[in-house]
Each structure stands twice: as structure tokens, then as C-alpha cells.
Amino acid sequence: MRKQLPKDFVIGGATAAYQVEGATKEDGKGRVLWDDFLEKQGRFSPDPAADFYHRYDEDLALAEAYGHQVIRLSIAWSRIFSDGAGAVESRGVAFYHRLFAACAKHHLIPFVTLHHFDTPERLHEIGDWLSQEMLEDFVEYARFCFEEFPEIKHWITINEPTSMAVQQYTSGTFPPAETGHFDKTFQAEHNQIVAHARIVNLYKSMGLDGEIGIVHALQTPYPYSDSSEDQHAADLQDALENRLYLDGTLAGDYAPKTLALIKEILAANQQPMFKYTDEEMAAIKKAAHQLDFVGVNNYFSKWLRAYHGKSETIHNGDGSKGSSVARLHGIGEEKKPAGIETTDWDWSIYPRGMYDMLMRIHQDYPLVPAIYVTENGIGLKESLPAEVTPNTVIADPKRIDYLKKYLSAIADAIQAGANVKGYFVWSLQDQFSWTNGYSKRYGLFFVDFPTQKRYVKQSAEWLKQVSQTHVIPE
């Protein structure tokens, strides 16, 4: 039986400034936390990425031609304020006005993120999300954007704050690459929630004609077995990555169980509880009652079993299937049950996890007016055929199968009552990846990075059909 999506359900592609724009040293753009980190690693460069800084009109034209109604973009903070604060870089401001005008020309509604993993270098060096100066500057940067870009009607405060906090201070895969600092992780999580709340409250106080939300990376954790120990490990993992953010941004308060699980993790690692004030919690509560939508980025699920050894994380950054290791002291060990399909990067393909997360938000967080799936997709190792023409269409049946399964899960959640308003595939075009460089391709459109030529993939044609008919083919 074919599944139907609502007629007002919107579909589009997703991007992020640092991953698509390239031009990291052009027109006064300041450095960000990744520049020094990647230069020292020497594995790959964020230039040219997809050269979106110069080729945005070409990519937006493709999006329009293939049935998209919306697009996710982000503003590179350091293109506007090269140092994070101070003098405005007019060339960066002009670029985003041109970009947003091009969206309108191509009949695409932009959803614009203020922070997508790209803290300006100066603010990163003084503590990033652990720095009050960073938080103050972030709010003022947001204020500038709200005033400068009235053409934007859909704002996102922060993309995947959990990815920042956990990978900066627990797993060490994002700069400053610290490991095992759960105390810093939770403090950063809380500070992100405070900054988000302040920006939401600011936006609403300005009486602007639009809506504002936040985007969370939400991977559903399941117990590896039916044992109570494995269930508790799943609960602890959920507290690390999901619960604090969901409670803070969607309910406006931290549930007693959430705080108890966090205290347990910190106690097991002999680390202090994160700090928060009544004033901060009041701002958080106010923002939760004014939030217009939440974005859900869901790619995979996790299974946890009890583990009492030392923390160990091995990140699969090159597609060596089966090389990932994730064991956290005081939480648990990730272990996939037999029969779970995975990508080359060890990400599980489990659409039930998408359904369960959407229903969790619907059932447990009734303040949320609307949900968008703001990222979902599959990274593949792809290459051009030996002979290509401008009309070459690249076969990617695995991506089509993935999209079909996950869109079907979203349709099921909508049928069960979840108010999911749209879907943004990650990604619009092939892009630079933070920890994988150029080997992991997600795009609907293939980018030949040496030449920057674009080629259509079959998944783009498939998604166009869904967008036009609102029917998911069998």
C-alpha cells in the first residue's frame, strides 16, 4: 500500500555554510574553530567544498527544477563578524542578501540557521559554549541578523547542540578534541539551551513576522537486551545526548529523572554537577512556551548494554565498516543486535528509530506546535562513471531505498498524530564533511569536486516525484 504525505508537507534539501560555501578566506571571512584543527590534521581542506559561495544560483536552480519548496541554509557567523563581534563585514552581509534573493527567485523558502558548528576562532579559544562572552556575542549576532535580514521568516538558533557538546568534550571528535569531560559536556549543553532561550525570547520581543525553532540531533537509544541493566544504560545514553535538550528547549524545565541520570553519570566519573540559576531557568521556561517548531535530525539509532570499564571511542571517519567503538564509563557500550543493517560508516539503518523519536516528541512534549525533519539521509561512497556527459544521471538505489523507508516512517508518525510539517534531505548537493572530508557523499546532486561540475542522481528524480505527488512509491 502506497503511503500518503499531507498536501501541505514541504520537501527540500539541507546545507551548512562551512560544508558548502568554501571561500573560507574570501571577502573578510574570519577563522573558525575548524580551521586550525583541520590544518593540523592535514587530512583535508574545507576549500573548495561545493563552492556554493560562487555557485549558489546553480544549486538553487537544481533544487527548484527537482521539486523542492524549501531549503536549509546557515549563515557563517564569521562572514558577518570576522572575530565574532565588533565591526560588521559588509561583504558578508551582501553575500547573504544575494543568496536569500536567489532563493526567492527560485521559489525556495529558506530556513536559516544561526550557528551550524562554526564558532568564530576567538570565541572558541576563550571557551566556546563554556564562555559567557561567547553567549553574549551570540545573542548580539542573532539580533543583528534578525534586523538585517527581514526577508527570512524561518530561523533556527542552533544546529545539533548535542553534536557540539558531546563531540567537543566527551568523544573528542570535534575541536578542542577533549575526551571524558562529562562535566564540561553538560555545562555546555545547559549553556546552549540558555543561549537558545535568550535568542527565542529576543526574537519574540521584537515582534517580527516569522517563526523560530531549534534543530536537535536525536538518535533513539534502545537497550541491547531485555535486561534492566541494559535498559538503564540506554536511559543514561539518552540523558547524555537527548533528555537535557528535549526537557530544556521543549518543556522549559529539567525533569527530576533527567537530573538524576546526569548526576549518576557525573558521580561515576567523579565530576561536579553543571551549574544553573533561577534566572536562566525562567528564560528557558519562557522560550519553551514561545517556540514555533523543533527540527529533528535523525540518521541512525543506538543500542546500549551495561559497561563498567574505561571510556573508549574510535570514530569511523573513513568508511572502514565495523571499525567504530563507543564505550563510556558510567553510561554503557554501544552494541548493535544481529541483523541491523549499517552504512560503511557504521550508522544503523533503522527507520523505526525515526518513528519512535517523532512520537516521543508528540506524546511527551505537548508544547511543541510543529516538527520538521531537518536532516536525514545516507552517506555513500560514490564516483562518476568512466564516461559522462552533462546529462549523465548517477544511479544511487541505496539512497532511494533509504529515503523510501524513512519517509514511510515519517508518514506513519503523521498518521499516528505527530504534526510533522516537512522534510529536508541531507544533503542538497555533495558537500565537505567535518570528520570525513570528501569521501562520504550524501547529496541528491553529485559534485565532481576537482571540476565543480554537478550531475543529477536518481534519488533527486525520485524525491521530485514524492514532492509533486505527496505519495511515497512502493
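Predicted model: local features only at pLDDT ≥ 70, side-chain atom pairs only at ≥ 80, totals over all residues.
**End of α15.** His 470 follows the helix and has a positive phi, near 60°.

**Helix α15.** I then checked the helix itself, residues 458-469. Its 12 residues reach 17 Å from the first C-alpha to the last, close to the 16 Å expected at 1.5 Å a residue. I listed its buried residues as Ser 459, Ala 460, Trp 462, Leu 463, Val 466 and Ser 467. Seen down the axis of α15, these fall within an arc of 160°, so they line one face of the helix. I noted that their cover includes the helix α14 (397-415) and the strands β2 (10-14), β15 (420-425), β16 (445-448), β17 (453-457) and β18 (471-472).

**Helix α9.** I made a like check on α9, residues 182-205. Its end C-alpha atoms lie 34 Å apart, which agrees with the 34 Å that 24 residues should span at 1.5 Å a residue. I found α9 mostly covered, with 19 of its 24 residues buried. Just after this helix, Gly 207 takes a positive phi of about 65°.

**Cavities.** The largest cavity holds about 50 Å³. I recorded its lining as Tyr 299, Thr 343, Trp 347, Ser 348, Ile 349, Gly 377, Ile 378, Gly 379, Tyr 402, Lys 440 and Tyr 442. By class, that lining has 6 nonpolar, 4 polar and 1 charged residues.

The second largest cavity has a volume of about 40 Å³. I recorded 3 nonpolar, 4 polar and 1 charged residues in its lining. Among them are Gln 19, Trp 426 and Phe 432.

Definitions and conventions
Residues numbered from 1 in each chain as written. Heavy atoms only, no water. Helix = DSSP H or I, 4+ residues; strand = E, 2+ residues; numbered from the N terminus. Expected span 1.5 Å × (residues − 1). Buried < 20%, exposed > 50% of the residue type's maximum accessible area, 1.4 Å probe, protein only. Arc of directions from axis to C-beta. Contact = heavy atoms within 4.5 Å. 1 Å grid on protein atoms, 1.4 Å probe; cavity = no way out; pocket = protein on both sides within 12 Å on 5 of 7 lines; lining within 4 Å. Points joined across faces, edges and corners; volume = space filled by probe spheres on them. Nonpolar A, V, L, I, M, F, W, Y, C, P; charged D, E, K, R; others polar.
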